[in-house]
Amino acid sequence: MTDMDPLVPVLAGLVVDMAWFLDTCEDDVVDPDSAVKMMESVSWVLLRLPADQRVRFLQVLKDLAEAEPDRGRREYLESFPFACGMVEDPQS
């Protein structure tokens with residue numbers, strides 16, 4: 001995929017939405033252990049991205065957050081890189 005590929009923000013948004021669902025759903029919807037394993041898998045894959053792709057992914061998340069009207073999703077988009085270990089938390 002190229003930087004201009006419109007699929008990039010769609011897929012990045014889907015990854016974040018899937019993580020948000022797993023992070024916030026009730027235990028009777030998804031087994032908590034399964035949710036944690038999937039979240040760890042997502043983080044592992046994202047951390048293995050080459051540096052240029054990681055930078056692109058982080059920029060796409062920033063762009064999505066800036067354009068997001070829903071406060072909850074915007075906050076999750078902003079916190080996602082920290083939660084996945086892609087960047088250090090600026091508050092620490």
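A disulfide is defined here as a pair of cysteine sulfur atoms within 2.5 Å. The model is predicted, so local features require pLDDT of at least 70 and side-chain atom pairs count only at pLDDT 80 or more, whereas totals for chains, interfaces and linings use all residues. Residues are numbered from 1 along each chain as its sequence is written, and side-chain values use heavy atoms, with hydrogens and water left out.

**Figure 1. The cysteines Cys25 and Cys84.** By the rule above, the number of disulfides is zero. The sulfur of Cys25 has its closest cysteine sulfur in Cys84, at 16 Å, which is too far for a bond. Cys84 is likewise in no disulfide. Both residues are classed by relative accessible area (buried under 20%, exposed over 50%, partly exposed in between; 1.4 Å probe, protein chains only). Cys25 is buried at 17%, and Cys84 is buried at 7%.

**Figure 2. The overall fold.** The protein contains four helices and zero strands, where helices (H or I, at least four residues) and strands (E, at least two) are DSSP runs numbered from the N terminus. Along the sequence the pattern reads α-α-α-α. The radius of gyration, taken over C-alpha atoms, is compared with a globule rule of 2.2 Å times the number of residues to the power 0.38. For 92 residues a compact globule would have a value near 12 Å, and the 13 Å of the protein agrees with this. Along the principal axes, the C-alpha atoms fill a box of roughly 40 × 30 × 30 Å. Of the 92 residues, 26% are buried. A contact means heavy atoms within 4.5 Å; among contacts with a separation of 6 or more, 55% come from residues 24 or more positions apart.

**Figure 3. The surface and its charges.** Lys and Arg count as positive and Asp and Glu as negative, while His and the chain ends are not counted. Each charge is placed at NZ of Lys, CZ of Arg, CG of Asp or CD of Glu. The mean positions of the 8 positive and 19 negative charges lie 5 Å apart.

**Figure 4. Arg73 and Asp17.** Arg73 belongs to helix 4 (residues 71–83) and is buried, with a relative accessible area of 16%. Not counting residues up to four places away in sequence, Arg73 touches Gly13, Asp17, Trp20 and Glu68. Asp17 is located in helix 1 (residues 7–24) and is partly exposed, at 29% relative accessibility. From Asp17 to Gly85 the C-alpha distance is 17 Å, across 68 residues of sequence.

**Figure 5. The surroundings of Leu77.** Leu77 is also found in helix 4 and is buried, at 1% relative accessibility. Apart from neighbours within four places in sequence, Leu77 is in contact with Val16, Leu61, Leu64, Ala65 and Glu68. The C-alpha atoms of Leu77 and Leu61 are 6.1 Å apart, with the two residues 16 positions apart along the chain.

**Figure 6. Leu49 in a loop.** Leu49 occupies the loop between helix 2 (32–47) and helix 3 (51–67). With residues up to four places away in sequence left out, Leu49 touches Arg54 and Phe57. Leu49 and Met86 are 37 residues apart along the chain, and their C-alpha atoms are separated by 10.0 Å.
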